[in-house]
Structure formats: structure tokens, C-alpha cells
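This report goes through the two-chain model shown below, from single elements up to the contact between chains.

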Amino acid sequence: MKTIILVTAIRYLTPLFLVFSIYILFRGHNHPGGGFIGGLIGSIAFVFHVLAYGSARTVNSYFQLTVYHQDRQQNNSPTQYMWDMVSANTWNRLKNRTPDWRFHIFRVRPAYLMAAGLFLATTSGVTGLLRGKPFMTGWWMEVKIPFIGSLGTPTLFDAGVYMLVMGMVLKLVFTMSKE
Amino acid sequence: MLYAIVIGIITATVAPLLHRTMGRFVVIPMALLPLLLFIYFCTFMPEVVGGHAVTQQHVWVPEVGINLQFRLDGLSLIFALLITFFGTLVMYYASGYLDGDPLLGNFYLYLTLFMTAMLGLVMSDNIFSLFIFWELTSISSYLLIGYKQAEKDSRVSAWQALLVTGLGGLALLGGLILLSISAGSYTFSGLLTQRADVLQHAFYVPAVVLTLIGCFTKSAQFPFHFWLPNAMAAPTPVSAYLHSVTMVKAGIYLIARLSPVLAGPDIWHYTLMTVGGITATLGAVLALQHTDLKAILAYTTISALGLMVTMIGIGTDPAMKAMLVFMTAHALYKGTLFLVTGCIDHCTGTRELSKLYRLGSHMKYSGLAASLAALSMAGVIPFIGFIGKELLYEASLSSYVLLAVTMLSGITFVAVAIVFGYRVFWRKGEDKTQLQHHAGFPLYFPPLVLAIGGLALGLLVHLVPTPLLQQGMRAILANPNAELKLSLWHGFTPVLGLSVLTLLLGYAVYKSLTVLHYRASTLKPLYRYGPNTLYHMMFEGFLHHAKAFILWLQDGYLRNYVMYIMFFFCGLLYFILWRDTPGIDFTNRIYQLHEIRLYELVVFFLVIAALIFLLGTRSRLTSIVVMGLVGYSAALFYILFGAPDVAATQLLIETLTVVIFVLLLHKLPAFTYLSHQFQKYKFIAISALFGILMTYVMLLVQQQAMSTSELKEYFGKTSYLEAHGRNIVNVILVDFRGLDTLGEITVLAVAALGIFSLLRLNPERGGKQ
């Protein structure tokens, strides 16, 4: 599967797909689209990335953040130290490091996405209860936002569906692509 | 009264924590709670004795009539006092009995929970809150009986108790629902006022049968008596508390509570008398055949419970009087004897009658308690047991059969009392049994209190218990003028003669006990056909057949699962179509064929061709691609018919399916036909069946939708105005039918977790990675 065209194209297409999927998510209320379709498009973005690069690379670039750090040396000024940290975590992050560098990994697992989605969908319904109305009574903002339209608790619900669908597909694909 | 329950539950839940922090001193708060509750219930005494019931009401689920309605009348108060008083002593006793046990905290949790549930049960006026507490006692008693988790015996017995009483609970629920339907009320007081309706109603007999099954399982009546002796696997404080004083009395309590409502027709009285009589006889006979002290007590308890049920069955004033007094006396002496047995077990390490001699010299106080209790059990003046026995004889004088049953039980009680009060502790002539350790204060003090209580109640009978028992009797008879007068000495009556005769016969039975025990061993083969064996046969047979059925149904082949689901679905659909819906009128729909457009035909033939090709292919990759083709064609159909949302979803799903298949493809073995071609035709037939049925349903829906449905208009109108969205499909999904979507995505999440665990399961490498 690893043709140079696919690999290069996917690098630029994946973020594009993601933005598009979010657009589809918000568009859904007035035009064809919605959380389910958006979630599928978003997950397809990652699925193609997995096909092109392998799941380890996908996880590394999109689902985990490795933060490198090191204790401040005696001869470094605080400004110098800050600069080093920022550079180590941004444009120099792929450079080899000496063993005294430590790192923390913040990882988003697909299961977390699923859980968060389910949680979001349920809580969006609870807002109705808090206002003394039946469960899942919708509530809408008065103002309209360009491109997205007006926001309300059903939008939150749809976002929950989006995250859940995406998490589910990713969970399957990541598990299956592992040897 | 609600606070009593709440405090009980809170104390129960913190018991393990307290045990961790306070160590063995956890007994202080745990025993203090029932003591305080006892005092609390004593404060109700003047009001209840004055003839007023104390009521409290808390709304819980008013829609279905489940409320926490409490009502404390004479009967409830008697039980509440017994429960809390025994609770205090048993809690204290347990601290000695289970001293140093690492799970003592859990033990107190279960026991306190049980006590609270029991209190709730006797105070409930609402029948459903009674049922909830009833089940809670079943569950907590399961935990208590199975307390020694390491022993198989204990676990099996706990299961048995839970299953038998749980089954009874189910029957009870049915009975209570029928009662509430026939009376139109959810409270016992309401049932009582609607008594005439209940008796007339067609549900009367089923309600009686179901309710009594519930009570009989709980009170260990024949043929459900077998769980009680097995439940002796529990630690002795549990046996003393649950199986002589509280839990088994719950059934008696409920029968007594329902007696004013349901009594009258013959079925009620004769069922109770028959079952109670059989149980009393059976318990008495079996008690004489055992040599394990706890088993003897268990069977005499069954016998006593049978007597109480018989008394309620007789239903006359003297019978109810006898039931109440006997119940109180029985609780006092049986509790004592159980606690003493626990003490013996703890100190000598055995409960076998043949190994226990002359314990009195080492265990003076326990021996004293046992002797006092035994005198009460045997019905010797001036103990309360004497009054109870006199009343029992008096109540059953009306019928020779009942009198014989009561006499038989009485004789057994005397024999057993001599065993406990004399044979084990004081009889001379044999070698002394050596103690492993001496009985501590917590082990002999509680039984002594109970035994002295039996004596005190007997001596002060006209002062202390009479007014309360009178109120209890009025509650059972629903007659506010019923009189209950007790006195220790009745004069020289025929009943006194019977009492003396019982004592003499009991002594004779005691003398011939060794012979009886010897004879009993020849009866062993008979027990193979008892209800206990039946229970085990049913239990194991159920497990065996369930296993066989599951193995047959879930053979591990996905195709078969799918096939079963399809078959079931088709069958259900076919049944509904056949039963409920009119046929399709095709005649005036032929014209629709003219409206078919060319590109629809093209897509149609594309799908058909793809399917035919699919059936002949021998490569997985080809079949996946062809399936993708079919899916995309379906998406095209959706677009043609103006459903862009569905089409988009379909397209994306097809894409993902192909991609996921490709990911898995290289892991699969080479494609071969392992089974006969016939299998393929079978699956084709099922698919065709499914397709045809769905097509039919679609046509039917189309035919109906034109005329009847207003949904389209409704959604079209309200979707923008009320739900702020122009895309009706999406608005339906996230707003109008949002709850459905929530359910669906929950299913999706659960399914994803299931698939994940299946994928991670690696059976060839021996289980999970």
C-alpha cells in the first residue's frame, strides 16, 4: 500500500478530512450531514493514515503528545531554559536526545473518545432536566455563528455521536492493524 | 421510623471501615445500634399498648404505588422489639464467637443489613415496600449463610437458601400484586378495609396460593423445609438470629399480618393446618434422629414453625393467643440454646452428641443458661414456655389430629430439652469432655440474659408481655376488642394433665434416644427421595441442560448465529404479518412499473449481476469488492430516491467495510469450501426469504403510509419551528427521537467493546494476550 503518492497525499489530506468532517457535523442540522456521517468521515481520515503509515505512526502523530523536559542546568538562564524546552518540544522534537531528557506521554485512546462521546450525548440530555423540563429537551442559543449556524444542546448530542462513532471505528482499526 | 432504617443501612455500610480502624472494638457501635433501636421502639410502647398504631409515610414511587409507609401496631412492635433485643445480644455474642476473624467487619455489615431489612419488613404497611425488605432479608441471609466462603458446604447451602427463598419471593410478589389488584389498595390497612372485595374476587385463590408459597419457603414449611437444616453451615450467631428468631419468623409474620384479610374461606384454614401439621410432625420426628446439636435445634425449630402456622390456620382467639405466646417463648429459649450450642462448638470443637459429656463443670454459666432455656422449652412451670404450651394444647383441643400433632412436637421438645439442659452438661457417669479453651464473657452472657428473660416473662406474665401481646392479637384478629389474659396457673384442668403427660412421655423418649439414633441409621436410604435430593437433582439438571443448550445454540460459528437471528426475525415478522395485517393489493399498483426509469434499471441489473457473480467466486478479495459494488449501488438508489443522508452514510460504511476487510484479509486462512455445496444453497434460501419478507413489508408500508400517517406533515411543520433545523432526518435523529439515538450509540459502544475483546482473544495461544 505504501506508494509515494498516497503517502504524501495522505499527509495533507488527513487534516483536511478532519476539518471537513467537523464541518459536516455542524452542517447536519440544516443540510445533509450530521454526527454519524461526520464521525465516519473523520475516522476515514485516520483509517487512510493507518493504511499509509501504520497504526503506530498514526497514534504517534494524532493521538499522543510526548512532552520532553529536562532539569535546568546550573549555567542556563531561565530564558535559555524556556527556549530549550520549547525548541525540544516543537521543531526539534524528532532529534535524538541524551538520556537525561525525560518525557511524559499524554495519550488519547479510542476508548476514551467513545466514553467521552457517550458522556457528552447523555449530559446534553441532562441539561433539559436541570431546567425542569423532560430529559433531552433541546435548548438553543439566540446568536448565530457564521458557517456553523446556531448552537444548541442537540448539537452537543450530535457531537457526542461524532466522537463515539469515530472512537469505535478507530478502536477497531487500531486493534486489527496490530499484528 | 424511616430514620431507624436509614441509620441501620448507614451503620451497616461503614462496618468494614470501622473494623479496619477500631479493630475488635467495632462491636461497640455495632451492638449499640440495635440497643438504641430497642430503646427507641420501647418509647412507642405506651402509645401502641393504648391501642393506637403509629404511622409514617414517605413518598417514594407514587406512580406505581410504592411508598415507604410504616405502621407500627402491636404485632409489628412485638417483632421489632424481638429483632432489636436479639440483635443486640447476637452482635455482642458474635464479637466473642468470631474474635480475630479478618472478615468480622463484613460480618457486621451483613448482620446489620439483615437486621435493618427485618425491621423494615415488620414495619411496612405498603405491600411493595414489605416485598423489597423481604428480598433484602433473603439476600443478606445468603451472604450470612455463605460467610465461611472457603467451605463448599457453606456456599452450597447459601445458594440453596437463596434460591428457595428467592423462588418463594417471586411467588410472593405475584400474590401481593394479585391482592393489590383485587383490593385496589397497596397497603395492608387498605386491604383490610376492602376485605369483602378480596374474598369475592376471582383472584382470591391464586393470590392465597402464591402468597403462602412465599411464606412457606421463608418459614421452612414442608416441602420447602430442607434449606433450614442445611443453612446451619452458617456461623452459630447467624443460625441463632436468622434461623430461630428472625428470618424464618418473617413468613409467620406475613401469614399473621394477612390472616385478618384472607381468613374465612376453607382453603386458607385447611392449607395452613395441613402444611403446618405436616411440618410440625416432620420436624419433630427428624429432630430425634440427629446427633448434631445444631441439626437437632434446626429440626425442632421447623417443628415449632409448623405449630405456629397450624395455630394461625385454626384462626380462633385461643389459637392466635397460643401462637403469639409460643412464638415469644420459642424465640427466647431457642435463641439461648443456639447460642449455647455455639459456645460448646467454640470451646470443644465438636457438636456431636456422643462426644459431649459433663460440660457443666467447666461451663457453669452456659450450663445454667441451657438448663433454664430447656426448662422453658419443656414447658415447666413457671417459665413462659409453660404458658405457651398450655395455650397450644388448649387451642388444639378441638380436633384429635391437631392435638396429636401438638403432643408429638411437645414430647420431642421435652426430649430435646432434657438433652440440652441435662445430658450434655450435668449427667454423671461418663468421662469429662476436655475443653480447648474456656468460654469468654461474650459467649456465655447473652444466652444467660435470654434464659433469664424466659423465666422473668413467665413470672411476670400478667405485667409485662400481656398488654403488648393483646395488641398483637388484636392486630391479627382485626378485632379491637379481643381480650388476652395470661396467668401462670390455670388450676387443675385437662390441659395441665396433658402437660404432665407430655413431660413423662418426653422423658421416656429421652431414655430411648440411643435406640432411636440406632434405628434412624436404617432409615437413611429413604432420605434419598426427600426434597433436598430433589432440589439438588433439579439444580444440577438445570445447569447440565442449560450448558447443553448453550453449546448447541452457540456453537462458535458466526454464520450460524446470523442464521438464527435471521430465522427468528423472519418467523416473528411472518407471524405478525399473518395475524395482523391485510394483504397487499397488487392490482392497482401494476401501473407503477411504467414509472421505472432507465438508470434505475441499470443499477438494478448491476446489483443482480454482482450477486450472481458473488455466488460463483472463490476468492475473498473478489467477493469483498463485489459486495462493495452492491453496497455502492444501494447508495446510488438512495440518491436517486432523494435521501442524501442515508446515501452518504451508506457510501462511507461501504468504504470502511472494504478497508477493514483488507486489513484483516492477510490474517485469514486460504479460502476453501469445507462443507458441502448444500450449505451454500441453504444460506441462499435464507437470504432470499429475508429479502422477500422485507420487500413485502416495504410494499405494505408504502400502501398504508399514503392514507394513515401524519408523521411526515408533523415533522415537516415542527422541525424548523421547534427544533431549529431544516434537515428533517437529522432533527429526528438528534432531537425528536434523541433517546432512541442515545440507546443506539450505547449499543454501538458496547458492541465495539465486545468486538475489541474478541479480537484480543487469542485462543490458539491460550487465551488473552
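Predicted model: local features only at pLDDT ≥ 70, side-chain atom pairs only at ≥ 80, totals over all residues.

How many of the 15 residues of helix 10 of chain B are buried? Twelve of them are, so helix 10 is largely enclosed by the rest of the structure.

**Helix 10 of chain B**

Helix 10 of chain B covers residues 204-218, and at 1.5 Å a residue its 15 residues should span 21 Å; the end C-alpha atoms are 21 Å apart, which agrees. Its buried residues include B:Tyr204, B:Ala207, B:Val208 and B:Leu210. The run from B:Leu210 through B:Thr211, B:Leu212, B:Ile213, B:Gly214, B:Cys215, B:Phe216 and B:Thr217 to B:Lys218 is buried as well. Among the elements that cover these buried residues are helix 7 (152-183), helix 9 (195-200), helix 13 (247-262) and helix 14 (266-287) of chain B. After helix 10 comes B:Ala220, which has a positive phi, near 55 degrees.

**B:Thr412**

B:Thr412 sits in helix 19 of chain B, which comprises residues 400-423. Is B:Thr412 buried or exposed? It has 28 C-beta neighbours inside 10 Å and therefore counts as buried, the cut-off being 20 or more. Neighbours within four places in sequence set aside, B:Thr412 is in contact with B:Ala284, B:Ala287, B:Leu288, B:Thr300 and B:Ser303. B:Gly283 is 129 residues away from B:Thr412 in sequence, yet the C-alpha atoms of the two are 9.2 Å apart in space.

**Domains of chain B**

Chain B is divided into domain 1 (149-537), domain 2 (557-725) and domain 3 (726-769). Between the C-alpha centres of domain 2 and domain 3 of chain B the distance is 21 Å. Their contact involves seven residues of domain 2 of chain B and nine residues of domain 3 of chain B. On the domain 2 side, helix 30 (residues 711-721) of chain B gives the most, with four residues. That side of domain 2 of chain B has three nonpolar, three polar and one charged residue.

**Chain A**

Chain A contains six helices and four strands, arranged along the sequence as α-α-α-β-α-β-α-β-β-α. The radius of gyration of chain A is 21 Å, whereas a compact globule of 179 residues would have one near 16 Å. Along the principal axes, the C-alpha trace of chain A spans about 65 × 45 × 30 Å. Of the 179 residues in chain A, 35% are buried. Among contacts in chain A with a separation of 6 or more, 70% join residues 24 or more positions apart.

An unreviewed UniProt entry annotates residues 12-29, 35-54, 111-131 and 151-174 of chain A as "transmembrane region". Two of these spans are set out here.

**Contact between the chains**

The contact takes 35 residues from chain B and 36 residues from chain A. On the side of chain B that touches chain A, helix 28 (644-665), helix 31 (728-736) and helix 32 (738-760) of chain B each supply at least two residues. Helix 32 of chain B has the largest share of that side, 13 residues. By residue type, the side of chain B that touches chain A consists of 22 nonpolar, nine polar and four charged residues.

Methods. Residues numbered from 1 in each chain as written. Chains lettered and ligands numbered in written order. UniProt positions renumbered as here; feature names shortened; annotations may be inferred. Contact = placed C-beta atoms within 7 Å. Domains from an automatic or database assignment. Nonpolar A, V, L, I, M, F, W, Y, C, P; charged D, E, K, R; others polar. Expected span 1.5 Å × (residues − 1). Rg over C-alpha atoms; globule rule 2.2 N^0.38 Å.
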